[in-house]
Amino acid sequence: MRRAELIQLLMAETGGLRPGVGTTQSELAELRATLVRAGGSIAGGVGSRRPPSRDDALRAEMDYLVGRQLGESDGPDVRVVRRASPLPGLDVTVPAWASAARPDRSFGPFEEADGRPVWFDMFRPAARWFLVRVGAAGPVLAALPPPVAQRPHGGTLVGDISPGTVWVAARRLAPGAPAQGWVGLQVRGGTIEVGGAIQSTPGQLAVANDARIALTLDLESAPPSGTAEDGAGAEAVATVCQLPRTATLRIRPDGPGAVGDLDASLSVYGQEIALRRRSGAPGPPAYGSVGSRVLVPLAATPDRLTVAETQSTLFSPSGTAPIRKAHWSLPVTTDPIDLLGEVPGCGRVALDLAPGLRASWYGLEGGPVSLGWADLFADGTSLHIEAVPAETGRARQVFRLWEETAQERSRVEVTFPKPFALSYVSHTSGADEFITHGLAHPWLDRPRTAAGQRVDTSLWVMYRLVQGAAGIRLALDSEASDDGTGEQRPCMALAVSNALLTVAPPRGLRLDGPLAGPGRLDSGELSLPFLLRHLLPTLPDPYAANFHAPTTRPAHHDVPEVWARVLWSTPSESTLSLGVVHDGPGEDLPAELVPAPEALPLETEDEHVLLTSFEEWLGARQRRSGLALLDVSSFADQLGVTITFTAGQRRIPLTVDDLALRTAAENTLVFLLPQFQWEPVRNLANPLTGDQEDVLTFGSDGGPTLMGTRSVTLVPFTPVPVARELVRAHEEDDAPAAVLFTLPFGMHAVVWLDPSDQAFKEPATLGMLRARFPGLTGVRRLSLRAGVPHGTEHAASGGSPPPAPADRPGMAGEDLRRDRLPQFRPPLRPRAAPVRVQQHVRAYGPAVAHRLRRSRCLPGEPLGERLSGRGRGPHQPGHLRRLPWAYRLRTDPAHHPARAVLRRTRTDHHARALRQWGRRALGQRLDRNHPRALPTSHGRPYRASGRCARPVQHPRDPRH
């Protein structure tokens, strides 16, 4: 497994774990190291399917751990199993081979984010075995713990068996067993006798096809453990099971073998039962496919089980049931010989009971229920009862969850409308577990649909009660139903703060928490998964968008799920969260779920160079296309946000987390309405002058302002949070930023802000301003301030300016050569006054202040006059107070304090204006001899002429 895959596995399986009772953080670190050395192999029950943790510090820790442990290995055969039950070997969610093996080490308990305990078992195969096989390379009949001391005895070979595990081919005991099946027994010692042709080699004994093999085993009995007299584990402690102390197994290479005489006993529920096997009676061993085990028949005396007393408060049987059969039950595993390890014991005693018992469990209403046909197992450390089917009558349970009102609580009702299977396990370690299945009917006040209705559904769930020292814990789990995306099912809509999610009805349910009493969960977590059909980004206030609702469904194998989770610590405190989980690559959503955007009018032919530079500086191409939302209210100050992606992109960097549609800030751009937009004039037709009815617009209108930053922080896809994060990342994290904006009279500018650039002693800044007054709050504005380069010190001392960096983003290309930039007449007397530019832009398009302030200047540096200009928006009356203008004197953008590249359209009117004002002393204010412009109604002076309005051609207005 590759390094990135190992890190992803560790984050998914252990990222949300924390040490439980009696477990330390170092044990969790050892578990992660074991998973790495095992190559990421893990089996068994799955976790809560939460999205992988995005904790950067934890991911860095995982990367360091993988780097340290990747070179080491516990061998490719080391396996790790995850289980949700505290009872090792008895968890129904683990593979069958794990139930028949003894773990080399167990890790846990750990707690998931929802408080559910989880354990991990590590299994390691034995280093070597002493094999007994047919011929030199034939099938293996038995695997014995080495060494085996061999000695001749008459006409046979006798070998002494060391303590450990003896594996016997299951088909040599029961003909119906799997061909690759094995039965394991833990022994304290024994002997093997082999008659017939024999060939002995180190580590192996080859026998002829007609050989006779007898294994006489001294079985390891489980020592009595546990002292509980009531509560968890009390039933297992009160049960006394004596397994056979010795066993003789006769194996034939050419047919089924036999099992010799056996003696066992069982004391359960206050009744003594003797179990015997004599001279092959009551029958030969058989294979039981249910539970995968070899069953050696025993005779039971008496032949009925009567429940006289019980100890458990979790599960209480009653009544009398005939004993149909009794067995010595030996588990079977189908692992290959090189994966076999140690086993935990030497089987169990099993009673096959006819109908007659009844039972009730904690909190059951309408009970007890009939157990029907039942199986009872005991091995000295545990008591296990399985019943299938069971008849329930009117049995049900209601679990009350968080409070909706002072008188009502959300609830989940579980009924048992048809025969079902149940399982009860009691272990001497102090744990009881009860598992069954039922139909869950949730009645919840959250999540609700977008229409405010409750989610109405019924789901089949696995019902689990686990009792330990801390009390009784409830867990309801349903396997997610797979209905296929082609099937038409009624959909519903869920709403988050900035998106509308179209989902299918819930396909599962998970409920977990400690029981404060019968039917009461005062704390816990409930989860509902929904298949996501469509996702529509929205804003909470009035907005405009460039897309419509999607109509296609994603491919079936790549359908993400929306998990709604309710977490409550007390009945009165509950919180709802929504998140997206899917099995596709990465964390992005399939493009089919997201609406297709229309192209934004962000680029003209004249803006192509600057927009391309803007995209290159942010490290992405074609960022101008994407989903765009523009606030048209005053709550977000008419800011807009867009998430950018290329055409044909299969996955979109969006996710739903914490009741919001989120993405990394680097995937977004903040855009503002045009900063300079002259109001159009509607010209009425006038036959006297020949004017036609038309809307007169201006080519010097500006385009939208764009701002982006390289930040990977997840932000809600809404304008204000995105704008705050872009500014914060630049100010606090020194993240590079780029801004594309407009200046008066059709000029466009792009600015690259890199705080790490060593060419500036005072770097350029990007900030967000919001004026506040008593009772009033101003709109949000973005503030750009140019930096001060180190070159000023060189020029002041007569030296040459510092060389320009060889690689400056966005400065390459034919369109940005020096001879292609606008050329303006230099000043008659160069002054030592570098221009400081401060520009404030905000979403209300024309409200812009653009000032160029003079300070000490150096020869060759850009010069400018103090200017003040203001345009007008469609809803702002006013007039042009001064003529906005700026001299662009330096043609090399490499030394501009803000790294700005300006473009503008020069016309004949501009040229005339330059000739008229070029001889003017630069120290004078440009408006000193300039008459105040006439008041306007549409951004230009006008003169009334009949029923039509005609613009005035002002001789000094460069727009004409």
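**Helix crossing and buried polar side chains**

Author: The crossing of α1 and α2 is right-handed, a crossing being left-handed if the near helix is turned anticlockwise from the far one by less than a right angle, and right-handed if clockwise. This is a predicted model, in which local features need pLDDT of at least 70 and side-chain atom pairs count only at pLDDT 80 or more, while totals for chains, interfaces and linings use all residues. Residues are numbered from 1 along each chain as its sequence is written, and side-chain values use heavy atoms, with hydrogens and water left out.

Reader: At roughly what angle do the axes of helix α1 and helix α2 cross?

Author: Helices (H or I, at least four residues) and strands (E, at least two) are DSSP runs numbered from the N terminus, and axes are lines fitted to C-alpha atoms, for helices over the stretch in contact, with angles from 0 to 180 degrees between N-to-C directions. The axes of α1 (residues 3-14) and α2 (residues 25-37) come within 11 Å, and they cross at roughly 140 degrees.

Reader: Which residues of α2 make the contact with α1?

Author: Contact here means heavy atoms within 4.5 Å. On the α1 side the contact is made by Leu6, Leu10 and Thr14, and on the α2 side by Leu31, Arg32, Leu35 and Val36.

Reader: Is Ser426 buried or exposed?

Author: Ser426 is found in strand β31, which spans residues 420-427. Buried means under 20% relative accessible area, exposed over 50%, and partly exposed in between (1.4 Å probe, protein chains only). Because its relative accessibility is 0%, Ser426 counts as buried.

Reader: The backbone nitrogen of which residue lies 3.0 Å from a polar atom of the side chain of Ser426?

Author: Leaving aside neighbours within four places in sequence, Ser426 is in contact with residues including Gly233, Thr381 and Asp432. The backbone nitrogen lying 3.0 Å from a polar atom of the Ser426 side chain belongs to Ala236.

Reader: With which side chain does that of Asp512 make a polar contact?

Author: Asp512 is placed in strand β37 (residues 510-514), and at 2% relative accessibility Asp512 counts as buried. A polar contact is a pair of N or O atoms within 3.5 Å; within protein, one must be able to donate a hydrogen and the other to accept it, and residues adjacent in sequence count only if both atoms are side-chain atoms. At 2.7 Å, the partner of the Asp512 side chain is the side chain of Arg473.
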